[in-house]
Number of protein chains: 2
Amino acid sequence: MDQIPILKLGDFLLVTIQVELHDQLAMTLQDDLTQKLSRTHAKGVLIDISALEIVDSFIGRSLAQIAGIARVMDATTVLVGMRPAVAITLVELGMPLKGIRTALNVDKGMKLLRNAQEEDGFDEPAFEGDPPLAP
Amino acid sequence: MDQIPILKLGDFLLVTIQVELHDQLAMTLQDDLTQKLSRTHAKGVLIDISALEIVDSFIGRSLAQIAGIARVMDATTVLVGMRPAVAITLVELGMPLKGIRTALNVDKGMKLLRNAQEEDGFDEPAFEGDPPLAP
């Protein structure tokens, strides 16, 4: 297990974290995500952590960092599927994941991203190249 | 790692296999999927194996079995993200995964499932209970 797959779902990317994120894996994920964001022009990243029973401060920091990278690449990050125990631990650790949106499941996360896109006026169709010049 | 998460994406379920499927894990996945199919009334299952570098005969059999279970529960299974080397191995092993549809990525897999639904006349809205009797 040397890589976490990043799946393209329409306009968004989905990352399902199933294994404990160690140092190298977190770095690889950041690299892969940056490349995929730049290649696909995705506007949102969904990170599913429903398989994680424990989120320690390293994973919390890694997630915050990934969200930061996505933000500077013009994509919104939504963390989905957090277990109740994980939520308690994160707050107890003093990591309330500020700046990362959360949703209870992938469906709700996608709805959140779509709404965010519409609010931000990102609902124009995707196109390649520069927009046509105004006459 | 004792469980593979099953994510609900609209009408479909998505299973991302990232770790080597051993005996117990495959059984748990089958159980979980059956329960989720019965609870969500999902019409399609996407199994993403883009993280798998090797698919041996055990995994091949497990995937075929999962597809069989989904079929009797009235859902279509699409295997997505297969690596070229894995495709070669599967055919060499004599397991061409008959009866399982494949697609190159999740987006294409979802399109395939939607088309299959429309062809099969599954595009009516979901409802609970029996259809109204004809007058």
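1. Contact here means heavy atoms within 4.5 Å. The model is predicted: local features need pLDDT of at least 70 and side-chain atom pairs count only at pLDDT 80 or more, while totals for chains, interfaces and linings use all residues. Residues are numbered from 1 along each chain as its sequence is written, chains are lettered from A and ligands numbered from 1 in the order in which they are written, and side-chain values use heavy atoms, with hydrogens and water left out.

2. In chain A, helix H1 (residues 23–40) packs with helix H2 (residues 57–72) at about 15 degrees, their axes being 10 Å apart. Helices are DSSP runs of H or I with at least four residues, and strands are E runs of at least two; axes are lines fitted to C-alpha atoms over the stretch in contact, and angles run from 0 to 180 degrees between N-to-C directions. H1(A) is therefore roughly parallel to H2(A) (angles under 35 degrees).

3. H1(A) contributes Asp23(A), Ala26(A), Leu29(A), Gln30(A), Leu33(A), Thr34(A) and Leu37(A) to this contact, and H2(A) contributes Phe58(A), Ser62(A), Gln65(A), Ile66(A), Ile69(A) and Ala70(A). By class these are eight nonpolar, four polar and one charged residues (Ala, Val, Leu, Ile, Met, Phe, Trp, Tyr, Cys and Pro count as nonpolar, Asp, Glu, Lys and Arg as charged, the others, Gly among them, as polar).

4. In chain B, the axes of H1 (residues 23–40) and H2 (residues 57–72) come within 10 Å and cross at roughly 15 degrees. H1(B) and H2(B) are therefore roughly parallel to each other. Their contact has eight nonpolar, four polar and one charged residues.

5. Six salt bridges are counted over all chains (a side-chain nitrogen of Lys or Arg within 4 Å of a carboxyl oxygen of Asp or Glu). Asp107(B) forms one with Lys8(A), the closest N and O atoms being 3.2 Å apart. Asp107(B) lies in helix H4 (residues 106–119) of chain B and Lys8(A) in strand S1 (residues 6–9) of chain A, so this pair joins two chains.

Definitions and conventions. Angles under 35 degrees count as roughly parallel, over 145 as roughly antiparallel, 65 to 115 as roughly perpendicular and the rest as oblique.
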